[in-house]
Amino acid sequence: MKKIFSIALILVAFSASAQTTFLNQVSVEFEKRVAVWPLLKEIQPEWFERSKDNRPQEVFSYFNFTGDASHSLYKQTKAAVVARGKWFEPFADNNVVYNNYTTGTTTAQKPIYEQTYLVEDSLLKIKWKITPDTRTIAGFECRKAVGILYDTIAVFAFYAEEIPVSGGPEGITGLPGMILGMGIPRLHTTWFATRVQLLNEAGMKVVTPATKGKKVDRTGMMTALEKALKDWDQYGKKMMLAWLI
């Protein structure tokens, strides 16, 4: 009986191990949602009530993340559609972000009005605190983490340990698994995965950095934005943050 019991335990352990599949190379589709009314009410309170009917309450745009443990590429796949008669221009939806997790560097192409910048710098430094909270996103159990960016900007994220890729939307990185859900309250914006696919080596060939644009580091980018948006007050500050994540 002891021998049979031992064999049964081994089979159960083997079965549990076999069910744990790690996705090392993935393509992740993200839906980005901007809550437009709360955003505009915060940054333009003096005329929000008079203009809100001409603005959409929220807008959605769509992005793809392709990557593995060494590098990744994030870019838009479908632009936000604003209903006829409404007006809102999303911030920074045309960013193309390449992250290299091996070297700890990023190359991000960021079109801003008439100028396109190519930002080459280290990966963003985010102070993360992992919590016990969990949530299922796109079929994966994800653990919640709360991060601080630029010392004052709060970021919440849900990452999947089954996907050992330390990336996520835009330049947000640094967790022990792929970020499938993320929010930045300061921007009234969330990103959530709608689909996750396993890739082969051929699918990873698209993961290359952009090459066109005026080369700057993150500090140079911030200086340029401060000059371009100096008369935009709170609206300009929101746009700066959107381009700097």
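## A buried arginine

Arg-55 is buried (under 20% relative accessible area, with exposed meaning over 50% and partly exposed in between, using a 1.4 Å probe and protein chains only), yet Arg-55 has no salt bridge, and the nearest side chain of opposite charge, Glu-89, is 9.3 Å away. A salt bridge here is a side-chain nitrogen of Lys or Arg within 4 Å of a carboxyl oxygen of Asp or Glu. For charge, Lys and Arg count as positive and Asp and Glu as negative, while His and the chain ends are not counted.

Where does Arg-55 sit? Its place is the loop between α3 (48-51) and β2 (58-67). Helices (H or I, at least four residues) and strands (E, at least two) are DSSP runs, numbered from the N terminus. Leaving out residues up to four places away in sequence, Arg-55 touches Val-36, Trp-37, Leu-40, Gln-44, Trp-47, Lys-86, Trp-87 and Phe-88. Contact means heavy atoms within 4.5 Å.

## The model as a whole

This is a predicted model, in which local features need pLDDT of at least 70 and side-chain atom pairs count only at pLDDT 80 or more, while totals for chains, interfaces and linings use all residues. Residues are numbered from 1 along each chain as its sequence is written, and side-chain values use heavy atoms, with hydrogens and water left out. The chain's average pLDDT (the predictor's confidence in each residue, from 0 to 100) is 87, and 89% of the residues score at least 70. Over residues 1-20 the pLDDT is below 50, and this stretch has zero contacts in the model beyond near neighbours in sequence.

The chain holds five helices and 12 strands. Of its 245 residues, 45% are buried. Among contacts between residues at least 6 apart in sequence, 58% join residues at least 24 apart.

## The nonpolar cores

A nonpolar core is a set of buried Ala, Val, Leu, Ile, Met, Phe, Trp, Tyr and Cys residues joined through side-chain atoms within 4.5 Å. The largest one has 63 residues, and the members touching the most others are Val-28, Phe-30, Trp-128, Ile-163, Ile-172, Leu-180 and Met-221. Apart from this core lies another, of six residues, among them Leu-73, Tyr-98, Leu-199 and Met-204.

Setting aside neighbours within four places in sequence, its contacts include Leu-124, Trp-128, Val-155, Met-182 and Ile-245. Gly-174 also lies in the loop between β9 (153-160) and β10 (178-184), but Gly-174 is partly exposed, at 48% relative accessibility. Beyond four places in sequence, Gly-174 touches Trp-128 and Ser-166.

## Strand β9 and its partners

Six of the eight residues of β9 are buried, so this strand is largely enclosed by the rest of the structure. Two strands pair if DSSP finds at least two bridges between them. Seven bridges join β8 (residues 140-149) to β9, and the two run antiparallel; Ile-148 stands opposite Ala-154 in β9. β8 and β9 form a hairpin with three residues between them, and Tyr-150 in the turn has a positive phi of about 55°.

β9 also runs antiparallel to β10, with five bridges joining them. Ala-157 has Met-182 in β10 as its bridge partner.

## Salt bridges across the chain

How many salt bridges does a search of the whole structure find? The search finds four. Asp-93 forms one with Lys-32, with the closest N and O atoms 2.6 Å apart. This pair links distant parts of the chain, with Asp-93 in the loop between β3 and β4 and Lys-32 in strand β1 (residues 26-35), 61 residues apart. Both Asp-93 and Lys-32 are buried.

Arg-33 and Glu-58 meet in another salt bridge (2.6 Å, N to O). Arg-33 lies in strand β1 and Glu-58 in strand β2, so this pair ties together parts that are 25 residues apart in sequence. Asp-121 and Arg-218 also meet in a salt bridge (4.0 Å, N to O), linking strand β6 (residues 115-122) with helix α4 (residues 218-228), 97 residues apart.

Most residues other than glycine have a negative phi. Ala-92 has a positive phi of about 60° and is found in the loop between β3 (71-78) and β4 (96-100). His-188 has a positive phi of about 55° and is found in the loop between β10 and β11 (189-198).
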